[in-house]
Amino acid sequence: MRWLACLGVLAASPAHADRWRSAADRVQGGAFLHYELTGLTARLDDARSPDPVKYDDLVLAGVRLHGFLGKGPTLAYHVGIDLFAGSTIGAAGFAYDVSLYPVGFVVRLGATSIVGLAAGVQASGAVGTLDDAVAAPVELTAELGRGIRVLARARVSYVAGADARQSGAPSLPTGDELDAMLGLRLGTRYEDQGFPTGNGYFIAASYREQGGVRFAGLTIGYSIDLAMPRRFSGRARTSTEQYDPSDER
């Protein structure tokens, strides 16, 4: 208890407090959040799969929450989580698609714009129509702009087990499933307490290859992005200094 008390005193001392604040001020990062509703319909069966999926339409709704953190203005560590649930329409089977991305990186290109790559673990399936499976997804993400913002994503998944779902992406030379989206957000940009921020509604074209079947559809949603101002000089910004757009050059 005495050692713990001593450590508490040291951590609370002004010198150590300033050191903690200085370390926190050197960190740079941000996050983006999507609320999405996606509808997909089958477009073309492919002969590569001997046992194609047993549904023609799929609806999924959920959220994507991704964040990035680093010590420099350009490269940052990236993590994220996607949580989606819905149903296959004709067969009326509960469907889900959940992904966790603990490993990745992003390259910052502007105040909140990023291009990133992440890998992780995914679980998905649909009752009575799509075998449950665990997969290893690799996802490339691009979010460019602030108020008006381009949203793009492409995910390749490598399925473990569920033989009917393996080699189910006709367009891929490697990988078992493909999921992609390209859209445009028409929103607003502003500074919130000195942090560059943007939000608004978006619409996107969606595409999926799964179980030897190609799907196309539409995604609508709402997205929010927020980031710490990029600092290139390495000078720590004090709590009394205001955000300066010239810091982003």
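These are my notebook entries on a predicted model of one protein chain, written in the order in which I looked things up.

**Entry 1: the chain as a whole**

I began with the overall make-up and found two helices and 10 strands, which run along the sequence in the pattern α-α-β-β-β-β-β-β-β-β-β-β. Of the 249 residues, 43% count as buried. I then looked up the contacts between residues at least 6 apart in sequence, and 60% of these join residues at least 24 apart. For the surface, I noted that the chain exposes about 12700 Å², with carbon and sulfur atoms supplying 66% of that area.

**Entry 2: the nonpolar cores**

Next I asked myself which residues make up the largest nonpolar core. I listed 10 of them: Leu 40, Tyr 55, Leu 58, Leu 60, Phe 84, Ala 95, Ala 126, Leu 130, Val 213 and Phe 215. Strand E2 (57–70) and strand E10 (213–227) each give this core at least two residues. Apart from this core I found another one, of six residues, which include Phe 32, Phe 68, Val 106 and Ile 114. I reminded myself that nonpolar side chains in soluble globular proteins tend to be buried together.

I picked Leu 40 from the largest core and looked up what it touches beyond four places in sequence, and among its contacts I wrote down Asp 56, Asp 57, Leu 58, Ser 206, Tyr 207 and Phe 215.

I found Thr 38 in strand E1 (residues 28–45). Is Thr 38 buried or exposed? Its relative accessibility is 12%, and because buried means under 20%, Thr 38 counts as buried. Its side chain makes a polar contact of 2.7 Å with the side chain of Thr 219. Leaving aside neighbours within four places in sequence, I also saw Thr 38 in contact with Leu 58, Val 59, Leu 60, Ser 206 and Leu 218, besides Thr 219.

The elements that give two or more residues to the lining are E1, E2, strand E3 (75–88), strand E7 (148–160), strand E8 (177–192) and strand E9 (195–210).

**Entry 3: Tyr 207**

Tyr 207 lies in strand E9, and with a relative accessible area of 28% it is partly exposed. The side chains of Tyr 207 and Glu 209 are joined by a polar contact of 2.4 Å. Not counting residues up to four places away in sequence, I noted that Tyr 207 touches Leu 40, Ser 171, Leu 178, Asp 179, Ala 180, Arg 214 and Phe 215. I also looked up Tyr 207 and Leu 218, which are 11 residues apart in sequence and 8.4 Å apart in space, C-alpha to C-alpha.

**Entry 4: two residues with a positive phi**

Last, I checked backbone angles, bearing in mind that most residues other than glycine have a negative phi. Ser 167 is not a glycine, yet its phi is positive, at about 55°. I placed Ser 167 in the loop between E7 and E8, where at 38% relative accessibility it counts as partly exposed. Gln 193 also has a positive phi of about 55° without being a glycine. This residue, Gln 193, is found in the loop between E8 and E9. Its relative accessibility is 73%, and because exposed means over 50%, Gln 193 counts as exposed.

Key: Residues numbered from 1 in each chain as written. Predicted model: local features only at pLDDT ≥ 70, side-chain atom pairs only at ≥ 80, totals over all residues. Heavy atoms only, no water. Helix = DSSP H or I, 4+ residues; strand = E, 2+ residues; numbered from the N terminus. Buried < 20%, exposed > 50% of the residue type's maximum accessible area, 1.4 Å probe, protein only. Polar contact = N/O pair within 3.5 Å; in protein donor to acceptor, adjacent residues only side chain to side chain. Contact = heavy atoms within 4.5 Å. Areas by Shrake-Rupley, 256 points an atom, 1.4 Å probe, with all protein chains shown as cover. Core = buried A, V, L, I, M, F, W, Y, C linked by side-chain atoms within 4.5 Å.
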